[in-house]
Amino acid sequence: MALVLFSGGQDSTTCLAWALERFARVETVGFDYGQRHRVELAQRAGLCERLTALKPQWEQRLGDDHVIDLSALGALSDTALTGDKAIEMGAKGLPNTFVPGRNLIFLAFAAALAYRRGLTHIVGGMCETDFSGYPDCRDDAIKAMQVALNIGMESRFVLETPLMWIDKAQSWALAQQLGGERLVEAIVEHSHTCYLGERGARHAWGFGCGACPACKLRADGYARWRASAAS
Ligand code: ZN
């Protein structure tokens, strides 16, 4: 039984499909922290509908969705993801889209929810391969968090990160492997990645400004995946 950190983006949608393939019951959780790309949260319900339409088994397995208000996190962090400022490199070589401690806070809240709901596996789309240098996406950070949560909550949670060691091109390949071309289409059409929250222009890889780091990563991964699949 699993709880998936489901933001409505490409990575977390792939993680949701991954979990639906493996666990008898899957619940989802999203966090509203005042992110500029809050549009991603609005995409979640439509994505769930598309996914459950793909396989009867997935429909049976998908349970409750939860949204947790973390506006306090947005209020105390000064970043390009939560405020109206340009995306640029900041101190320590980190882009100013880094929201300090975000994934650690997400995991702590997710574990508190999983504890109440009796869910043992917590699934997140953290990835160390092309992670923009966010330190809380690192495998070591997640593993340390698992230890802290299990000691602090007297539990045996398993934090699952199926994308940790694959890049964006391989994430598209994983989506196709899990749900075929229809899952890829659902991700292209309905998942949201763009940091600026733009959904105006439709590209081959989906909607977005096409210029922010998140759009570039997604577009590049899609192009590389399609090229490698064709060869
Ligand atoms: Zn963008």
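## Strand pairing and the sheet

Two strands count as paired if DSSP finds at least two bridges between them. In this predicted model, five strands form an open sheet in the order β3-β2-β1-β4-β5, and the pairing is parallel. At the edges lie β3 (62–69) and β5 (158–160), each of which pairs on one side only. On average, neighbouring strands of the sheet are turned by 25° against each other, direction ignored.

Within the sheet, β2 (residues 26–32) is joined to β3 by six bridges in the parallel sense.

Helix α1 covers residues 10–22 and lies across β1 (2–5), β2, β3, β4 (121–123) and β5. The helix runs at about 165° to β1.

## Cysteines

A disulfide requires a pair of cysteine sulfur atoms within 2.5 Å. By this rule, the model has zero disulfides.

Is Cys15 buried or exposed? Cys15 has a relative accessible area of 0%, so this residue is buried. Cys209 has a relative accessible area of 22%. Buried means under 20% and exposed means over 50%, with partly exposed in between; Cys209 is therefore partly exposed.

Note on methods: Residues numbered from 1 in each chain as written. Predicted model: local features only at pLDDT ≥ 70, side-chain atom pairs only at ≥ 80, totals over all residues. Heavy atoms only, no water. Buried < 20%, exposed > 50% of the residue type's maximum accessible area, 1.4 Å probe, protein only. Helix = DSSP H or I, 4+ residues; strand = E, 2+ residues; numbered from the N terminus. Axes fitted to C-alpha atoms, helices over the stretch in contact; angles between N-to-C directions. Contact = heavy atoms within 4.5 Å.
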